[in-house]
Amino acid sequence: MPHVDVCICTFRRPAVARAIASVAGQDLPAGVTLRIVVVDNDDAPSARATVAGAAAASPVPVDYVHAPARNISVARNAGLAAARGADWLAFLDDDEEAAQGWLMRLLHRAEETGADAVFGPALAVYPADAPRWMRGCDFHSNLPQMRDGRVETGHSCNALIRMARLPDGLRFRPELGRSGGEDTDFFFRLGQAGRGLAIAEAAIVTERVPPARLRLGWLMERRFAEGRHYAGAVPRSRAGLAAAGLAKAAACLPAALLSLGRPARMAFWGLRGVFHLGVAAGSALPAGTRRAYGDRPD
C-alpha cells in the first residue's frame, strides 16, 4: 500500500494546529496510508505542546521532530530525512489549511502524468479590511506556473514528491534557509536532474493573510526577493537574464503610468516591474541579506 508522509515545518505559529487538523481530515484513496510529521525549527521545542494536543485529536499518526536552527532549509531537510521510508512526501506550510480532497488530487495528478513532483495552488484568504486593489489582483495567492510550455520549478507550500525518484544527495540549501528561495532552487535542481514536474490546479490549500502583509511595501520587498531567487536558481546566462530583467522592468513602467486612477492595475504592473528588477539584480549582484525566516512569523 502506498504510504504518504505530510511534512509541516513550523516556527512559532500556533496555527500549525489547524494545518494538522486539515491534513488529518483528508479523505484518502483506497489503500493509501498517511502520517503527519511536524518539524519545529525554533531554538526551543516551542511547538511540542501544540503538536501533542493536535495529535491527540488526530485519526492519523502525528510525529514531532525538533530541528533547531531558525533555518527553513534545515527544517525541510529534516522532513526529507523523516520520510525516507515513505512512497510520497507532501509539504504544507504551518499557516495553511488543506481543502478536502487536496492530497487525493495531488496523488491522482502524479499518477495521471507520471510526474515526480506535483504542485498545487495556495489561495489567499483576505481579512475584511484588506485593500480592494490587493484583493482585486489577488497578490497573496501562490499559483504554480508553466514557462515555455513546461513546469520549471515550484514552491513547497503545496507540493508532493515521489521519494523513490529523489536524486541522491538532493537537499534544500542551508545558505538559502534564512533569505528564502530554497524551495524554488530545490525544485529547479530536481527538474534539471531529469525528473518530471506537474501542476494539480484542483489540489488547493488556503492561507490567511496576516495584517503585516497588507501593505504595498511588503509586497514590493517580496516581489523583488522572488526575482532575485528566480535569477539565482534558473540555469541560464547571467548576462542574458540581467538584460531581459531590465528590459521587462522598463516595459512595465509605462503600463503602470497608464493605469493611474486604477489602483489594482497600477499595482499589478508596478509589482511585475519590481519582480523583473529583482531578476536583474540577482543576475548581476551577490545575494542580498533579506531575512524571511528565523526572526518571527508575520
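The buried residues of helix H8 (238–257) are covered in part by helix H7 (216–233) and helix H9 (263–284), where helices are DSSP runs of H or I with at least four residues, strands are runs of E with at least two, and both are numbered from the N terminus. The structure is a predicted model, in which local features need pLDDT of at least 70 and side-chain atom pairs count only at pLDDT 80 or more, whereas totals for chains, interfaces and linings use all residues. Residues are numbered from 1 along each chain as its sequence is written, and side-chain values use heavy atoms, with hydrogens and water left out.

Helix H8 comprises 20 residues and reaches 29 Å from its first C-alpha to its last, close to the 28 Å expected at 1.5 Å a residue, the expected span being 1.5 Å times one less than the number of residues. Within H8, the residues Leu241, Ala242, Gly245, Ala249, Cys252, Ala255 and Ala256 are buried, a term that denotes under 20% relative accessible area, with exposed meaning over 50% and partly exposed in between (1.4 Å probe, protein chains only). Viewed down the axis of H8, these buried residues fall within an arc of 145°, so they line one face of the helix; the arc is that of the directions from the helix axis to the C-beta atoms. Ala239, Ala250 and Ala251, on the other side of H8, are exposed. An α-helix has 3.6 residues a turn, so residues three or four places apart point the same way.

A corresponding description applies to helix H4 (residues 102–113), whose twelve residues reach 17 Å from first to last C-alpha, close to the 16 Å expected at 1.5 Å a residue. Trp102, Leu103, Leu106, Leu107 and Ala110 are the buried residues of H4, and because they fall within an arc of 130° when seen down the helix axis, they line one face of H4. The face turned away from this buried side carries the exposed residues Glu111 and Glu112. After H4 comes Gly114, which has a positive phi, near 75°.

For the chain as a whole, nine helices and ten strands are assigned. The radius of gyration is 19 Å, which agrees with the value near 19 Å for a compact globule of 298 residues; this radius is taken over C-alpha atoms, and the globule rule is 2.2 Å times the number of residues to the power 0.38. The C-alpha atoms fill a box of roughly 55 × 45 × 35 Å along the principal axes, and 50% of the 298 residues count as buried. Among contacts (heavy atoms within 4.5 Å) with a separation of 6 or more, 80% are accounted for by residues 24 or more positions apart. The accessible surface comes to about 13500 Å², of which 56% belongs to carbon and sulfur atoms.

With a disulfide taken as a pair of cysteine sulfur atoms within 2.5 Å, the count comes to zero. Cys7 is in no disulfide, the nearest cysteine sulfur, that of Cys9, being 3.9 Å away, and Cys7 counts as buried at 1% relative accessibility. The sulfur of Cys157 is 12 Å from that of Cys9, the closest cysteine sulfur, and is therefore too far for a bond; Cys157 also counts as buried, at 8% relative accessibility.

Phe188, which lies in helix H6 (residues 182–192), counts as buried at 3% relative accessibility. Phe188 and Tyr230 are separated by 42 residues in sequence and by 9.4 Å in space, C-alpha to C-alpha.

Conventions. Areas by Shrake-Rupley, 256 points an atom, 1.4 Å probe, with all protein chains shown as cover.
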